[in-house]
Amino acid sequence: MPAKAEKAIFSAKIEEDMRDEQLLEVTERYLNGGMDAGERRAFEQLRKENAEVDIWVIEHQQFTGLLKQYGERVELENRLNAIHQEIDVHAIAEEVMVHPSWIVQLWRDHHSKISVAASIAIFAILGTLFFTGYLNNNSSYVELRRKVESLNRSNKNLTTAIQRINTDGRKMAMTPDKYRGTGFAITSNGLIATNYHVINGADSVYVQNAAGKLFKVKVVYTEPQNDIAILKITDTAFTGLGTIPYTFKRTESDLAENVYTYGYPQDSPVYGDGRLTSSNGLNSDTIDYQISVPINPGNSGGPLLDSKGNVIGIVKAKETHLEGVHFAIKSGYLLDAIENIPTDSLTHKPVLNTKNTLSGLTRVQQIKKLQNYVFMVKVYN
Amino acid sequence: MSKDLKSSTPTDSEIVFGILNNSESAVKRLYVAYFPMVLQLIVNNNGTPDDAKDIYQEAIIVLYNKIKKGDFELNSKLKTFIYSVCRRLWLKRLSQMNRYGGDIHDFQEYLPFEDDAEQHNERDIQFNKMQSALQLLGEPCKTIIEDFYIHNRSMQEICESFGYTNADNAKTQKYKCLQRLKKLFFQQK
């Protein structure tokens, strides 16, 4: 029974195949116009009656049409490729290329090499800077002489010039000073200590005392390596300072000692105090102390005193990237510098004060005494 | 060579009638005449000469089919038409490759296009399906089908070249091949 059914299905399939194959043949004859009129009419009748056959014919027509079009497309493509073979594409490409300027061309051709070379160069430069310590040093270290705003200062100059004319009866042509710093007396006969960087490159240097009197000074000795300069008042109007109230400390001061300075970061003197925060300066430089006294451009060259009224240093510079990191040259180097002054620069060897008259006084009284011995240094060039 | 051909640029009507009359030389003259223009467009806009070849041939085929179908109207120059088609095709290719910087360096005037791009695409997809179906079909079916349906050879000829003993065998073979091809074609997504 199942075998019989299977056989029936099988034979039905064969029949179907046979029928379809015949249908294909008939359809193709129909589509190719290979039928005579009678056959044709009969087939069209079949299509009308049997929707299945009709759909099959349409589908077949579409499919063979597509096959034909596909064949044509392939042929056209082959023809175009054959034509293309004959064209010298390279020559035409050369001709039609918009040629960029030679520098762009150079870059395109060699950019990898240029990049490598540039990287090596940058690396070498950075490496050199790093190993020579350049990168660590100068970036934010600022020496504190003050560049004066010319308007503000010329006004002040006029005032002092008028004062001078009034008091001395002398006339003096004033030109604006370029830089200012602070200096302080080391002997009563007019030797003044300041920073080398304050007076570096100066044509002429003047100092101005608390009363606003200007005195011409001469640079008698400098030690650029320690940033120390010694000035001498040469002005004929200068009559001497009286006894210096402070002394100079040879030994190093201790950490956390209360220290203060007094100087001219602006036109009127400014007092600032703080602590000695490190016995070494920038990059462990043993010339300097590090201090927390607030200082500004113009403070350079001012005295750094301890609470007993000893000069322990010269205010010098600050680290701008760090808050409250300032530097002062240790007074030992100042004493060395004083000893090193060539004898022919001075009429007699400087005699330093050894009696401290500030030690027992309050800070306010100390400053009152101090102000006559601290000068504004004005630099003209 | 290109210089000579350039000087004898064919007129547009020569080309159109040549293609309608299945003239081999018309296609060739057309192809040679405008290839430098398209090459210029492509190579100066981030393309290679091979890209130019692909794009240009696609455009020539579009033009060819348009002329063959009889719906090409000569209301613009062939040159402008080809340039515009290539320009649009190249922009499309560039954006597909994410190389389009939003700016194209133009050398000719061009027409804005919107029509028959989709239709063209649809047919390309069909052709691709047909190509892979034929590939999968294998020999000898592929050759039989191609000979009969594309190259219009008679069953008699096919019979001889394949050495079939009688035409009925060949017909059955062809029928089976066609059934398989249809199956392969419609199976594809």
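**View 1. Where chain A meets chain B in this predicted model.** Chain A puts 26 residues into the contact, and chain B puts in 28 residues. On the side of chain A that touches chain B, the elements giving two or more residues are α1 (2-32), α3 (51-86) and α4 (89-96) of chain A. The largest share of that side comes from α3(A), with 14 residues. Sort the side of chain A that touches chain B by class and you get 16 nonpolar, three polar and seven charged residues.

**View 2. Zooming in on α4(A) against α3(B).** Here α4(A) packs on helix α3 (residues 24-43) of chain B at an angle of about 65°, and their axes are 9 Å apart. The way α4(A) passes α3(B) is a right-handed crossing. Look for Val89(A), Ile92(A), Ala93(A) and Val96(A) in α4(A); they meet Pro36(B), Leu39(B), Gln40(B) and Val43(B) in α3(B). In this contact of α4(A) with α3(B), seven residues are nonpolar, one is polar and none is charged.

**View 3. Staying inside chain B: α3(B) and α5(B).** Helix α5 (residues 78-96) of chain B has an axis that comes within 10 Å of the α3(B) axis, and the two cross at roughly 30°. Angles under 35 degrees count as roughly parallel, so α3(B) and α5(B) are roughly parallel to each other. This crossing, too, is right-handed. From α3(B), the contact uses Tyr34(B), Met37(B), Val38(B), Leu41(B) and Ile42(B), while α5(B) brings Lys79(B), Ile82(B), Tyr83(B), Cys86(B), Arg87(B) and Trp90(B). Count this contact of α3(B) with α5(B) by class and you find nine nonpolar, no polar and two charged residues.

Key
Residues numbered from 1 in each chain as written. Chains lettered and ligands numbered in written order. Predicted model: local features only at pLDDT ≥ 70, side-chain atom pairs only at ≥ 80, totals over all residues. Contact = placed C-beta atoms within 7 Å. Helix = DSSP H or I, 4+ residues; strand = E, 2+ residues; numbered from the N terminus. Nonpolar A, V, L, I, M, F, W, Y, C, P; charged D, E, K, R; others polar. Axes fitted to C-alpha atoms, helices over the stretch in contact; angles between N-to-C directions. Left-handed = near helix turned anticlockwise from the far one by under 90°. Parallel < 35°, antiparallel > 145°, perpendicular 65-115°, else oblique.
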